[in-house]
Amino acid sequence: MSTKGNIFVVSAASGTGKTSLLNKLTAQNPNVRLAISHTTRTKREDEVDGKHYYFVDTNTFEQMIGDGAFVEHARVHNQYYGTSTQEIERLRQSDFDVILEIDVQGAEQIRKLLPESIGIFILPPSWEVLEQRLNQRGTENPDSIALRLKNSRYEIEQASLFDYLVVNDDLQQAVDNVNHIILASRFRQTNNADALISLLQSR
Ligand code: 5GP
């Protein structure tokens with residue numbers, strides 16, 4: 001089996017359950033690492049700085065943009081979010097599969113910059129379930145919920161630009177499906193070129 005990892009971009013509308021899915025996936029597959037993004041949004045109660053995000057203020061974020069510190073960044077739900085070059089380099093030194101859990105604007109930037117990356121879009125089973133999950137999560141205030149719902153239509157319209165679509169109806173099923181995509185991607189011809197070349201050269 002190839003030892004080379006891939007870069008995956010995973011996007012979804014807010015409330016789809018993407019974070020639960022990816023947390024379960026990383027617990028299940030030790031070869032996968034999630035890139036830690038920077039953000040200016042307020043830290044939620046259950047979040048840890050440096051683990052879920054690097055939480056920074058707007059001045060620091062804008063300074064980092066000016067310094068060219070990000071491979072991609074975007075304004076999402078009125079806050080800044082971005083993936084630093086340093087974070088990508090840290091994870092790419094290993095043979096891990098790396099997941100960027102980013103929004104559709106960031107996904108577009110990564111698609112151009114790293115065309116070999118693989119895009120996975122997570123769909124909710126219906127609009128009703130999306131709204132329910134967002135309300136039940138209890139982490140957002142009503143304004144933030146309304147804004148996230150308003151943005152969800154635009155986000156889901158971008159799904160056709162991704163390589164894979166996975167519906168998150170049953171969580172474990174969705175985790176397994178994303179895992180199958182990650183495992184299958186390790187066997188892409190480009191990942192296994194060394195094995196092919198050495199076989200052809202040996203006779
Ligand atoms: P949340 O505030 O719910 O953690 O994330 C809101 C949105 O920002 C989600 O769509 C999430 O994927 C996206 N996001 C998180 N980190 C990044 C990042 O580094 N870059 C971009 N472009 N979006 C991000």
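One aromatic cluster is formed by Tyr 53, Phe 55 and Tyr 81; rings of Phe, Tyr and Trp (its six-membered ring) are taken to pair if their centres lie within 6.5 Å, with planes under 30 degrees apart counted as stacked, over 60 as edge-to-face and the rest as tilted. The model is predicted, so that local features need pLDDT of at least 70 and side-chain atom pairs count only at pLDDT 80 or more, whereas totals for chains, interfaces and linings use all residues. Residues are numbered from 1 along each chain as its sequence is written, and side-chain values use heavy atoms, with hydrogens and water left out.

The structure holds 5 aromatic pairs. In one of them, the ring centres of Phe 121 and Phe 162 are 5.2 Å apart and the planes stand at 70°, so the pair is edge-to-face. This pair links distant parts of the chain, 41 residues apart: Phe 121 belongs to strand E8, and Phe 162 to the loop between helix H6 (142-157) and strand E9 (164-167). Helices (H or I, at least four residues) and strands (E, at least two) are DSSP runs, numbered from the N terminus. Both Phe 121 and Phe 162 are buried, where buried means under 20% relative accessible area, exposed over 50%, and partly exposed in between (1.4 Å probe, protein chains only).

Contact means heavy atoms within 4.5 Å. With residues up to four places away in sequence not counted, Phe 121 touches Ser 11, Ala 12, Ala 13, Val 104, Glu 155, Ile 156, Ala 159, Phe 162, Tyr 164, Leu 165 and Val 166. Ser 11 lies in strand E1 and is buried, with a relative accessible area of 1%. Leaving aside neighbours within four places in sequence, the contacts of Ser 11 include Lys 18, Ile 102, Asp 103, Phe 121 and Phe 162. A polar atom of the Ser 11 side chain lies 2.7 Å from the backbone oxygen of Ile 102. A polar contact is a pair of N or O atoms within 3.5 Å; within protein, one must be able to donate a hydrogen and the other to accept it, and residues adjacent in sequence count only if both atoms are side-chain atoms. Ser 11 and Gly 106, 95 residues apart in sequence, are separated by 9.2 Å in space, C-alpha to C-alpha.

Another serine, Ser 117, is placed in the loop between H4 and E8 and is buried, with a relative accessible area of 11%. A polar atom of the Ser 117 side chain lies 2.7 Å from the backbone oxygen of Leu 114. Beyond neighbours within four places in sequence, Ser 117 is in contact with Ile 7, Val 9, Ile 110, Arg 111 and Asp 163.

Around the ligand there are 17 residues, of which Lys 18, Ser 37, Arg 41, Tyr 53 and Tyr 81 come nearest; a residue is near a molecule if one of its heavy atoms lies within 4 Å of that molecule. A side-chain N or O atom of Glu 72 is 2.8 Å from a nitrogen atom of the ligand, and a side-chain N or O atom of Asp 103 is 2.7 Å from a ligand nitrogen. An oxygen atom of the ligand lies 3.2 Å from a backbone N or O atom of Gly 82. Taken alone the ligand exposes 510 Å², and the protein buries 94% of that, with accessible areas from the Shrake-Rupley method with a 1.4 Å probe.

His 77 is buried, with a relative accessible area of 14%, whereas Asn 78 is exposed, at 53%.
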